[in-house]
Amino acid sequence: MANIGAGQNVLKLLVLGIVFHVIFIASVFDCYFTSPVVHGMNHHGSGYGEAKRLVLIVGDGLRADLLFTPNGFTFGESSPTVIAPHLRSIAEKRGAFGVSHTRVPTESRPGHVAIIGGMYEDVSAVTKGWKTNPVDFDSVFNQSGRTFSFGSPDILPMFAKGASPDKVVTWCYDEEAEDFTKDATTLDIWVLDHLRLLFQNASTDATLNSQLRGDKVIFFLHLLGLDTTGHAYRPFSKEYMRNIQVVDNIVDEVENLFSQFYGDQETSYVFTADHGMSKIGNHGDGDPDNTRTPLIAWGKGVRGPLPDSTPSSHDDYSEPWHLGHLLRRDVSQADLAPLMATLIGINWPSNSVGVLPDIDPTRAGYLAPLEGDEALARYSLVNVKVLLEHYLVKHELKAAHAIFYKPFDLLEDKELGVPARMQKLVTIERLIEEGKWYDARRYSMELSEACLQGLRYLETYDRLLIRAIVIVAYLGWAAYTSISLLPPVNSVSASRSGVIDVGTAAVLLGFWAAFWIQHSPWTFYVYVAFPCYFWREFCSRGIPALRRCVSESSLTYRSLFVQSILVFSALQTMVVAYTHRSIWSVGFVVVGVLWPLFTWPSWLLSQNRGLVGLWCGSCIMTGVFPLLAVDKEESLPSILAGGGVMLIIGALHLYHCSQSNVDKSVRISSAVQMGLVAAMMLVTSSSVSSLQAKAGLPRLNQIAAWLILVSSSVYPFTSKVRHPSSTSKILSFFLAFAVCFVVLSISVEGLFYSAYVCNLLLWIEIEALVRTPDTSNRNGSVADQQPSIFYRFRVDDIRIALFFLFYVQVAFFGTGNVASISSFYLEPVYRLVPIFSPFLMAALLIFKIVCPYVILSVVFATLNARLHLPPFSLFLVALTLTDGMTMMFFLNVTDTGSWLEIGQSISFFCITSLLLVWSAGICAAGEYLIGDMLVDHKSTKVD
């Protein structure tokens, strides 16, 4: 038997577990997505450009397929065949087009950093703020003669910050203008109006006129309307279609303005998007709809349309565009920065990892230079120099600090004492001097590919080490938490303890010394400290305890191994369920039907048919929700049905209280909570109708919704009502959060919430029913039913812990496609926050996720007490198992392959890590929230 608290302070374990998991979420970014920014590179550029000025137009959130596909919207006669006739005519008659492939996270800031800076921002940087740079990087704006930018206050300021004084001039509308309930096309029209005003002012301002007519000038038009409209109405809506038409008209107007003001043909145009948008109106992950954006370039220095190549440049994605007779030239998003720098002859951004599309001599690019192939060869040489400069700085930094550094052979292999990179660069320069343009471009392409490989080699140099440390840390955590389940060891010999301490200190200091020599990030020091501590504790106390446990019980190492395999298989099944949601439904069938029918004794089934029937029916009903379609439309009847079911559950509870002569205060409390739910249903119904009619969110509705949501949510925490049972208090929490599942639901979430809570309540009764004493006595003895400060581990506790982890996952995956972090619906949030406020919107979505976990927390605490166990006993079993899933997701993270695979792999790891952190908080919160109901069990208080 293990004394919970004597050998392991539970509070310390919970806090340590939360800190450990939160910190190690960062390990995925240190391992797979390190910041690419370094400093100290020399600038390179062609020195001359094809055009005097460049216009960059970014349609924020524009999908490539919806721009190019004829009849892409099916709204009857109101849907034109060609949504954007002007942009399509450019692609067909006087420009080059293709798809620009973005990277995760498919958010506005990283997308613009790639387009304008030519680099892929650190994935984790999206959490560091929306309007400022988390790191300083170079951009085409900073290298331009002057940049005039118009658009969103969320994007423009980050490129002005850090640039040369007065180099980047910005015009931004107010943040309050980004209202999701209003016509977002006004944001795009604002940009056009202020560009027109700029040209008008130049007629009376000689200084401005001179600046506008200078060389190497960039105009940046950020059109946010499509992103706002897509979030509010989804991409396949009439509103999104109309916004595309507005953008198309704006592009036409912009061309006319430049033609009238300059009266020349010295302007290059680039039209693209920072990211796409999924069918449900979200972005952020690696869904192909989010990563494929349109690219159209035209004007001075840009080639016209070309016949399609053999084999065809088109695929199933672009076949519906009806542009198969023309060449589609795809690029990576970072390739746009060198393309724009080349067009106007400025220095390339020093941090750029983009590759000029025209470097490949076997394929047509986007340029049509006056000097023909010679210019293309020289531009290719500039590309190589930029990448080599970038590689060289990173190579020298790593070589100066890494222990036993192994250089990248493809670039550093020496022949006659000269590195291969230098030999190849000299060869390219010689080929250009000899007029062998094709060969020069071919060698440039090969060397640029080698540079990118070298950059990747250096950025992933420490990956194997980090992976090893992380895996050892997660295994160490499992070993460390298992100590709490094992019988305590009276004492450990001083000699054994000394050897372990010396060994641990030697390992820790050895790693720290290596990290210090290599100038490793501070996180490395933290990463290695955790496994050293975990394994020291296990070697000191866990191994002797495990030996004692095996020697004093019927357990054998073989049976432990078999149990471990079964547990591992169950955890991996949950891993697979992240991508195959139907497995959660199968899990409910196993838990609700197969488990009682095939493992319970027949007498137990026959004596409790009613309860077993309710349990089976509840599991099957809850198991239906993961099978429902993940792409849901806003459905007011479904929302109100969910509210109605929640009211029925509250009414049944109220009826039970009246029949049981429960204190009047409890009945009044329940009635008040039901009233708040009904009020929220009325407010939500009015708000949904108003928003769907595009009448905006009534101010009164917004205030009422906030008041009801806040008052209902805090009510059970502040109420002085004394509930007669734990079930009564659980239902009080259920009704408190019911308002959340009315105002923040899009469809059947309220129905799922009701089914989930009912299933949890039945779980308590079922586990109490099947929990038999260790003896063969069916009814149990009095002694067996008394709480104890001691916890005796039983194999059945592993099953309960797995059930708990199952419910933790189902609370998250029950109603939506949470295969990725971005897959949350934003429509319900507009009923509370119509103005763009990313962090408040995210807070509301997170609050909705947390609500079922509050119920789960009090249910699990109640279950722990009903089984007459010390607090946290079952959770300690679960804690030992949690990271079986986390390790697999960490190893499956990838930064190569399709963008969908990359985005999902990151999302899966973050989701499971955060859910397991929640597991710790769940049990701690449950013991606190339901503590007054479990007072009879508090004689088993832990340290």
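A nonpolar core is a set of buried Ala, Val, Leu, Ile, Met, Phe, Trp, Tyr and Cys residues joined through side-chain atoms within 4.5 Å, where buried means under 20% relative accessible area, exposed over 50%, and partly exposed in between (1.4 Å probe, protein chains only). The model examined here is predicted, so local features need pLDDT of at least 70 and side-chain atom pairs count only at pLDDT 80 or more, while totals for chains, interfaces and linings use all residues. Residues are numbered from 1 along each chain as its sequence is written, and side-chain values use heavy atoms, with hydrogens and water left out.

The largest nonpolar core has 142 residues, and the members that touch the most others are Trp615, Phe734, Tyr753, Trp763, Phe804 and Ile855. Apart from this core lies another, made of 54 residues, among them Phe73, Ala84, Leu226 and Leu326. Neighbours within four places in sequence aside, Tyr753 is in contact (heavy atoms within 4.5 Å) with Met646, Phe733, Phe734, Phe737, Ala738, Phe741, Pro852 and Ile855.

Next come the cysteines. The structure holds 0 disulfides, a disulfide being a pair of cysteine sulfur atoms within 2.5 Å. For Cys740, the nearest cysteine sulfur belongs to Cys851 and is 3.9 Å away. Cys740 is buried, at 0% relative accessibility, whereas Cys758 is partly exposed, at 30%.

Helices (H or I, at least four residues) and strands (E, at least two) are DSSP runs, numbered from the N terminus. Helix 35 (residues 883–892) is largely enclosed by the rest of the structure because 7 of its 10 residues are buried; Met885 and Phe889 are among them. On the surface, Val586, Val589, Val590, Leu594, Leu597 and Phe598 form a nonpolar patch with about 550 Å² of accessible area together. Patches take residues with over 30% relative accessible area and no salt bridge, joining like charges within 9 Å and nonpolar side chains (Val, Leu, Ile, Met, Phe, Trp, Tyr) within 5 Å. A salt bridge is a side-chain nitrogen of Lys or Arg within 4 Å of a carboxyl oxygen of Asp or Glu. Phe598, in helix 22 (residues 582–599), is exposed at 65%.

Finally, the backbone deserves a look. Most residues other than glycine have a negative phi, and most peptide bonds are trans. Asn71 has a positive phi of about 55 degrees and is partly exposed, while Arg234, with a positive phi of about 75 degrees, is buried. The peptide bond from Thr310 to Pro311 is cis.

How values were computed: Accessible areas come from the Shrake-Rupley method with a 1.4 Å probe; for residues, only the protein chains shown count as cover.
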